[in-house]
Each structure stands twice: as structure tokens, then as C-alpha cells.
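Reader: I have a protein structure open and would like to talk it through. May I put some questions to you as I look at it?

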Amino acid sequence: IDPNIVQFVGTGVWDDPVFFTEPSLQNAIFPGVEVTKREGLIKEFNNIFESKLMRTATLPYDLIGLISYIYDNNMTLADVYELLNNDKNKFDGIDGGFYFKNNVIERDLDILKISNGNATKIN
């Protein structure tokens, strides 16, 4: 398959800099969130633990933020059910917006395009 003729469409697994310089993936697109949203967390984690933040660590980070919101607002269990069962309530996490729909987490993702060592938002 000639990547100059066919545009590859990938998954969030491509959200790793090792893919951004791969010649066959130049101009390929995938769903995700630009790294600028999580750069502060990545730097802070590296400074504290002197190791690389696992890419999936942003998910529990966002969950703790949600739990902190619930705690800070002294929400009752009924309040929490109401908060999470309303799919109009959207939360801004490290990996973009998310909300709950039918007890499943839904995410608002951008479309990123790989080009010259970067993945940038195109929508």
C-alpha cells in the first residue's frame, strides 16, 4: 500500500512519539488528544519519580480528579448518581473531555495527524 495514495487511519495506540517519524505513517490520522494537554503532568511525574509516565496513567489521574470534585462538594450518593447519570455533564480531563453515558465513559477526542515527528490536531 502506497501511503502517498492511501491515508492511513489508526487508533490511540499511535499516540506515541515512536510512530511520529515512521515514514509510512506521515500524514496518517488517529483519534487522540495533543500532548500539550498532559505535558505538565508528564514533567511533574518525571521530576518526582525519575521515570517515564505510563501513557495509560492519565486515566486514573482523571478519575482521582473526579473523586476529588465529589469529595470537595460534599456530594451524597444520590448527588453522585445524578452527576454521573447525566450525559450532559462533561468533565475536562488530562486526556480531553469525558462524560458518562449508560454507565460507560465516553471521550471527546480530536483527530490528530502525524507529520514530521509530531501529531497535531486537525479538527
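Reader: How many bridges join strand 5 to strand 6, and do they run parallel or antiparallel?

Author: Please note at the outset that this is a predicted model. Strand 5, residues 110-115, is joined to strand 6 by four bridges, and the two strands run antiparallel.

Reader: Which residue in strand 6 does lysine 113 stand opposite?

Author: The residue opposite lysine 113 is threonine 120.

Reader: What is the order of the strands in the open sheet?

Author: The open sheet has three strands in the order 1-5-6, and the pairing is antiparallel. In general, strands of a sheet pair through backbone hydrogen bonds.

Reader: Why is one side of strand 1 and of strand 6 left without a neighbour in the sheet?

Author: Both strands stand at the edges and have a single partner strand each, so one side of each has no neighbour in the sheet. On average, neighbouring strands of this sheet are turned by 40° against each other, direction ignored.

Reader: Let me step back. How many helices and strands are there in the protein?

Author: There are four helices and six strands. Read from the N terminus, the elements follow the pattern α-β-α-α-α-β-β-β-β-β.

Reader: Is the protein compact or spread out?

Author: The protein is more spread out than a compact globule, because its radius of gyration is 17 Å, well over the 14 Å that the globule rule gives for 123 residues. The C-alpha trace spans about 55 × 35 × 20 Å along its principal axes.

Reader: And what percentage of the residues is buried?

Author: Buried residues account for 26% of the 123 residues.

Reader: What about the second largest pocket, which residues line it?

Author: Its volume is about 240 Å³. The lining residues include Gly12, Asp15, Arg55, Asp95 and Leu109. Two or more residues come from each of strand 1 (29-32) and helix 3 (58-72). The lining of this second pocket divides into four nonpolar, four polar and four charged residues.

How values were computed
Residues numbered from 1 in each chain as written. Predicted model: local features only at pLDDT ≥ 70, side-chain atom pairs only at ≥ 80, totals over all residues. Heavy atoms only, no water. 1 Å grid on protein atoms, 1.4 Å probe; cavity = no way out; pocket = protein on both sides within 12 Å on 5 of 7 lines; lining within 4 Å. Points joined across faces, edges and corners; volume = space filled by probe spheres on them. Nonpolar A, V, L, I, M, F, W, Y, C, P; charged D, E, K, R; others polar. Pairing = 2+ DSSP bridges. Axes fitted to C-alpha atoms, helices over the stretch in contact; angles between N-to-C directions. Rg over C-alpha atoms; globule rule 2.2 N^0.38 Å. Buried < 20%, exposed > 50% of the residue type's maximum accessible area, 1.4 Å probe, protein only.
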